[in-house]
There are 2 protein chains.
Amino acid sequence: MKTYNNPKREEWNQLALRPSINQQELDELVSSIIKNVKLNGDQALIDYALQFDRVALNELYVSEKEIEDAKNEVSNELKSAIQLAYANISTFHQSQQIDEPIIETVKGVNCWRKPVGIEKVGLYIPGGSAPLFSTILMLGIPAQIAGCKELVLCTPPGKNGKINPAILYAADLVGVTKIYKTGGAQAIAAMAVGTDTIPQVYKIFGPGNQYVTKAKELVQQMGVAIDMPAGPSEVLVVADQTCNPEFVAADLLSQAEHGPDSQVVLLSDNESTIKACQLAVERQVALLPRKDTALKALTNSTAITFQNIKECIAFSNQYAPEHLIIASENASQYVNDITNAGSVFLGNYSCESAGDYASGTNHTLPTNGFAKNYSGVSLDSFVKKITFQELSAEGIEKIGEAIEIMAEAEGLDAHKNAVTLRLNKIRNGRN
Amino acid sequence: MKTYNNPKREEWNQLALRPSINQQELDELVSSIIKNVKLNGDQALIDYALQFDRVALNELYVSEKEIEDAKNEVSNELKSAIQLAYANISTFHQSQQIDEPIIETVKGVNCWRKPVGIEKVGLYIPGGSAPLFSTILMLGIPAQIAGCKELVLCTPPGKNGKINPAILYAADLVGVTKIYKTGGAQAIAAMAVGTDTIPQVYKIFGPGNQYVTKAKELVQQMGVAIDMPAGPSEVLVVADQTCNPEFVAADLLSQAEHGPDSQVVLLSDNESTIKACQLAVERQVALLPRKDTALKALTNSTAITFQNIKECIAFSNQYAPEHLIIASENASQYVNDITNAGSVFLGNYSCESAGDYASGTNHTLPTNGFAKNYSGVSLDSFVKKITFQELSAEGIEKIGEAIEIMAEAEGLDAHKNAVTLRLNKIRNGRN
C-alpha cells in the first residue's frame, strides 16, 4: 500500500484516480463477436464455447432435469444459508415497492406514476473459479418482485459441460425462466439480439470481465439497457481510533481477494491507526488461499492520513467508492456528510461481506467513480415508471390558458390548438 | 397516413418499427468535435459558434445583467403561465420525494436507502425556431428538488448573440447556477470534459438534434451519465366511438408539427372513427403555420383498425409509444393493460399539450421504443440512492454463519474471515 500523510487538496484528484483501462483495442474483437452472433446465432455460441471454454455443447438450454439434479447436489447447509439471504434481500427490496399516490396538482388534474416490470430481462453470471450464486439472488430477487415476465440467465459451463449446482439452485429459487450455457461477450450479444434458442431481452444485468463489460457497452448503443457501467471492485475504509484494526484488515482483504485490479483505500485521522491496520493486513494476507491476488491488489492501493474524519469523508466523496466502511464507534454521526458512495457500512460490526451476501442490501454497485452519477441495482432497476394523467373539463379549464400562452411562445400552434378546441367545446356546451 | 385494417399478429412487428437512422456516419464528425473541445476548450466553442451558429462571441458566460434584462422582456402573461406550470411541475415532482424507512431485515441488521442529489448536472436546450423554455422547467425543477448543487445550462445564442428571454427567465426561476452560450455537440462535449469557463458535470440532460444525440451517446462512454437515449418524438392515440375526432386530430397534429420525422399512430376498434379523425386532420392541418412539417410527418404515420380496444392496447404495448392517449370516455378501464409507454393521457380532456407544459408530469420521455426499458425523467433521474447498513453484534451473530457458508462456497475466504473474526470477538467477549 502506498502511504500518504495529509496530502494537499490539489493532490486529491490524482489520489482519487482509478487505473485507466484501454478499452479501445477491445472494441474490434467484441464488435466482431456481436456481429457473428447476430449472423450465426446458436451455432456461433456453440463454436465460441469450444474455442473459449473448451467445451463441446450439443444444447445451450439447461433442462428441467439438470436443474432438479443440481438441487439435490447442493448441501442442506448451503441451501439454508441461501434461503436466509433470500429472505433478507427480499425484505429489503420489497420495501422499495412504494405505491405513489395520485396527485391532484390543480382541481381536475390528476397525475401519478405506476411502476411496471420490464418485461424481458437478462442476467449474466460469469464462470471461472468462483460460482457467483449470490449475484443471482441480488439480480433475480428484485426482478421477481418487479414482476418481470421473462428472466433469462446466461452463464458459461465448466469443462464438464455443466453449470455449478449452487447457481442452478439459486436461479430456480428466484424464478429464472430460462437458463443457457453460454458465457463472455457472446452471451451478452445473444441476449441483446436474440437467437433461435435465446430470447432477446430489453435490459441486461450482471458482472463480468472486460469482454463482457465491453459487450454491454456496445449493445447499449443498439438500444438494450444495461444495469450500469462497470469497473474493478473497490472499498474505501475510514477508520478512527475506535476501530478494530483486525476487522479493518479483514475488510480490506475481502476486497483485495476479488482480483489483482481491485482497489483498496484506507483513510484515517491518525497514523497509528493506519499502521495498526497495515500490520494486521500483513499478518492476515499470509494465511489466505487467494494470497497472490490480494497482494497484487494491495500494490495499487493507498493509505492516507488526514487531519480529521470530516476530511476523510470529503476525500471519500471525491473518490466516490463502491463500498464505504466507516470503521468507528461513532459512524452514524457522519451519515449526512456522505454524498458519493455505492453502499455504506456503518460501525465495527458492519462488514462488507454482510452486504455482499445476506444483510438484504444489493451488492451490484457503481464502481470506478460512477457512484457520483449512478445508483446501485435496486427494485427501481427492474421497472419503468409510467406516468399517467387524467384531466376533467374543469381541469383543462383551469390550466388551459397557461398552456395556450406557453405553446404560442414556443411557436407550437398545433399544441395550442389542442387546448383551444377543448376549451371552446366546454364553453359552448355551457351556452 | 398509411391505413391498415386488422393486421395479423405476424405483421405487428413490422408496423411497430421506427424508421432507422444511420448514426454511424455521424460518429466521426462528432468524435472530432469532442476531441477538439477537449484540446482547445473555450476557443473551440467560440470557433464553432462562428462556424455553425454564425455568431461572433466574446464571452460564453451569460452575465447577471443579461438575465435581469431578459426578465424585463418577458410579458407578464407569459410569466404567469410559466409560474403556473412551475407550481404544478413542482407539486408532482415533490411527491416523488419519498422517505424510505429503515428496514430491520433481521434483529440488529438495519438497512436503508438515502437519495442524494447528483452534485453537478448539465442541461442542454436546443436553439432554432422554438425557444424550449418548457424543457428548462421539466429538467430544472426536479434538479432543484433533488438538491443538485451545480446546475449548468448550455444553449446556442441567436444570430444577435443573445439567448431568448423566456429561456433566461425560466432558467433563473429553476435556480440554474451558470448559463453558457454554446450549442450542438460541442456544448455536450464541454459539459462532459469541462473547459476553463464551463464546469464538468456528472450527468447531462436534454433534447437535441442528431449531433447532440450522438455526442450524448459518445460522452456516456467516457463516464458521463445521460438522461436517456433519444429519438424522434411520437404519439399513439387509441380512439373509440366515444372520442371526439376533432380533439384526436388536434393531438395527432400537435405531435406532427414537432418535426418531419415525428411519429404519429392512430388505432381504433372501428373504421368510422379512423375516418372521422383523418377527415378532421385534413381540415385542421391546412390552417397550421407549421403545416409543411406536419404534412411530412403524416406521410410516415399509420392508422390501424383492430378488432377491439384490448387489441389496440396490445399493439401499443409492442410499439411502446412515448405518449399514449386513450381517447375514450372509458379510458381508465384500460390502465392495467398498459405495460409499455412513456406517459399516458386518459380521456377526452387529457391532451398531450397538458403534459407537455403544465399538468405537472414530465415531458422528457423515452421515444423510439425505449419505453420498453426506460422511464421518463423524474426526480429519480437527479439523485443517486445510496444504501446504508448498520449491524450490531447481535445482527452479525444472526446472519454471520450464513455469510461464512456462502463465502466459502464461492471460494472467497477473506470474505468469510471478515465475519469469523467478528464472531470470535463477540464470543470471546462473552467468556
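This dialogue walks through a few features of a predicted model.

Visitor: What should I know before I start?
Guide: Residues are numbered from 1 along each chain as its sequence is written, and chains are lettered from A in the order in which they are written. In this predicted model local features need pLDDT of at least 70, side-chain atom pairs count only at pLDDT 80 or more, and totals for chains, interfaces and linings use all residues, while side-chain values use heavy atoms, without hydrogens and water.

Visitor: Is Tyr124(A) buried or exposed?
Guide: Buried means under 20% relative accessible area, exposed over 50%, partly exposed in between (1.4 Å probe, protein chains only). Tyr124(A) has 3% relative accessibility, so Tyr124(A) counts as buried. A polar atom of its side chain lies 2.7 Å from the backbone nitrogen of Gly184(A).

Visitor: How exposed is Asn209(A)?
Guide: Asn209(A) is partly exposed, at 43%. A side-chain oxygen of Asn209(A) reaches to within 3.0 Å of the backbone nitrogen of Tyr211(A), at the start of H8(A).

Visitor: Which residues does UniProt list for "binding site"?
Guide: UniProt positions use the numbering here, feature names are shortened, and annotations may be inferred rather than shown by experiment. The unreviewed entry lists Tyr124(A), Gln186(A) and Asn209(A). They are spread over 86 residues of sequence, yet the largest C-alpha distance is 12.4 Å.

Visitor: How many residues of helix H8 of chain A are buried?
Guide: Helices (H or I, at least four residues) and strands (E, at least two) are DSSP runs, numbered from the N terminus. In H8 (residues 210-220), eight of the 11 residues are buried, so the helix is largely enclosed by the rest of the structure. Among them are Val212(A) and Leu218(A).

Technical notes: Polar contact = N/O pair within 3.5 Å; in protein donor to acceptor, adjacent residues only side chain to side chain.
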